[in-house]
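Below is a short note for a student who is reading this model for the first time. Please keep the 3D view open and look up each residue as it is named.

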Amino acid sequence: MIELLELRYDILRSIYHNQPIGRRSLAQNLEMKERTIRTQINNLKELELLNVESVGMYISKSGKKAIEDLSELIHDLKGISELEKKLKELLKVKNLIVLPGNIVEKNTALDDLSKVSSMYLRKKIRDNFIIGITGGTTMANLAENMVEGKLAKDLLVIPARGGLGKDVETQANNIAAKLAKKIGGNYKLLHIPDHIDKLTLDAVLKLPDSDELLDLEVLDLIEEMDILVFGIGRADTMAHRRNLPQEKVDKLLEKGAVAEAFGHYFDIDGNEVWEYNTVGLSIDRFKEIKEVIAVAASEDKAEAILSIAKLKPDMTLITDEFAARKILEISN
């Protein structure tokens, strides 16, 4: 019965995140046989938890409530509640949310991570808040999955860092603009590459009309942000994104670097290994921000999560089951 309950919960959740969706696509998403999916769909339809139409399947109002009601029970059945308790004691973070599953293996887990993170962010936003957000795939998904609707008065969303990499969709500027539109706020952009050095920046600032071209007010606003939401990066991944020479990457790894945050590289104990000159939020300011939400999942980021959590224990961490179990395994 427990296996059947988990199976039907996974099916409902997958339909909810991908609706409208056909049986074949659903079977591929869940890596199940179409025959199994067909049988369960018929049962769920009889229970009036979903609707089947020509364009695909939709979750009904009753189905949505069933997903919400089952969430806590599934957490207990999978041991997630106990896992959260152990991990929170270990990391000593202010708040911790662990989602079942592995985002590397299932798209539904990645969608869940993004939706839960965006819902948590919505609850923390107040009038006149300045919200900072970093770049990356995780943050791009968060902005994409944010429910549209004005949350408060005079909201401002800003990129916490300069531009990094060539992928426009995962640039902090693009993500900040998308998030602002979703929550009914305004936004300002930082038209400077993340990796620009101080000498070059000083030279650019001497150019005529540089203030208007670059809108450097964002750098001052970063110092005033009320909420920061960011993704945690692995040291090797971020070093390659910054196009560091392989020799430098090797040296960082030799020194034990496992995590990167805002241009700083850290070992597993949260000790700084190296700082890369970057534009945007500093580590000192990061430690002062009252509401910080870190979103990172998959077991290959376990060491990075462990490292960054030691920099700011009073933050909120949202992660997945596989990362949480790996962190405990490493600590033990």
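At what angle do helix 5 and helix 16 pack, and how far apart are their axes?

1. Helix 5 with helix 16. The model is predicted, and the note should be read with that in mind. Helix 5 covers residues 80–91 and helix 16 covers residues 321–331. The two pack at an angle of about 50 degrees, and their axes are 10 Å apart. Angles of 65 to 115 degrees count as roughly perpendicular and those under 35 degrees as roughly parallel; helix 5 and helix 16 are therefore oblique to each other. Their crossing is left-handed.

2. The residues in that contact. Helix 5 contributes I80, L83, K86, L87, L90 and L91, while helix 16 contributes E321, A324, R325, I327, L328 and S331. Sorted by class, eight of the contact residues are nonpolar, one is polar and three are charged. Two residues of helix 16, E321 and I327, are taken up in the next points.

3. E321. Apart from residues up to four places away in sequence, E321 touches I80, L83, V98, L99, P100 and G101. I80 and L83 also belong to the helix 5 side of the contact described above.

4. I327. This residue also has its place in helix 16. With a relative accessibility of 0%, I327 counts as buried. Which residues does I327 contact, once its neighbours within four places in sequence are left aside? They are L87, L90, L91, A302, I305 and L306. L87, L90 and L91 are part of the contact that helix 5 makes with helix 16, whereas A302, I305 and L306 are among the buried residues of helix 15. I327 and D300 are 27 residues apart along the chain, and their C-alpha atoms are separated by 9.9 Å.

5. Helix 15. This helix runs over residues 302–309 and is mostly covered, with seven of its eight residues buried. How many places does that leave to look up? The buried ones are A302, A304, I305, L306, S307, I308 and A309.

6. Helix 1 with helix 2. Helix 1 (residues 2–18) packs against helix 2 (residues 23–30) at an angle of about 115 degrees, and the axes are 10 Å apart. The crossing of this pair is right-handed. On the helix 1 side, D10, I11, S14, I15 and N18 take part, and they meet L26, N29 and L30 of helix 2. This contact has four nonpolar, three polar and one charged residues.

7. P20 lies in the loop that joins helix 1 and helix 2. The peptide bond from Q19 to P20 is cis, with omega near -5 degrees.

8. Two asparagines with positive phi. N128 has phi near 65 degrees, which is a positive value in a residue other than glycine. N128 sits in the loop between helix 6 (107–124) and strand 4 (130–133). For N243, phi is near 60 degrees, again a positive value in a residue other than glycine. N243 is in the loop between helix 12 (235–241) and helix 13 (246–254). With a relative accessible area of 64%, N243 is exposed.

9. E217. This residue lies in helix 11, which covers residues 217–222. Its relative accessibility is 39%, so E217 counts as partly exposed. E217 and I131 are 86 residues apart in sequence, and the distance between them in space is 15 Å, C-alpha to C-alpha.

10. The chain as a whole. The secondary structure comes to 16 helices and 13 strands. The radius of gyration is 21 Å, close to the 20 Å that the globule rule gives for 332 residues, so the chain is as compact as a globular protein of that length. Along its principal axes the C-alpha trace spans about 70 × 45 × 35 Å. Of the 332 residues, 49% count as buried. Among contacts with a separation of 6 or more, 71% are between residues 24 or more positions apart.

Technical notes
Residues numbered from 1 in each chain as written. Predicted model: local features only at pLDDT ≥ 70, side-chain atom pairs only at ≥ 80, totals over all residues. Heavy atoms only, no water. Axes fitted to C-alpha atoms, helices over the stretch in contact; angles between N-to-C directions. Helix = DSSP H or I, 4+ residues; strand = E, 2+ residues; numbered from the N terminus. Parallel < 35°, antiparallel > 145°, perpendicular 65-115°, else oblique. Left-handed = near helix turned anticlockwise from the far one by under 90°. Contact = heavy atoms within 4.5 Å. Nonpolar A, V, L, I, M, F, W, Y, C, P; charged D, E, K, R; others polar. Rg over C-alpha atoms; globule rule 2.2 N^0.38 Å. Buried < 20%, exposed > 50% of the residue type's maximum accessible area, 1.4 Å probe, protein only.
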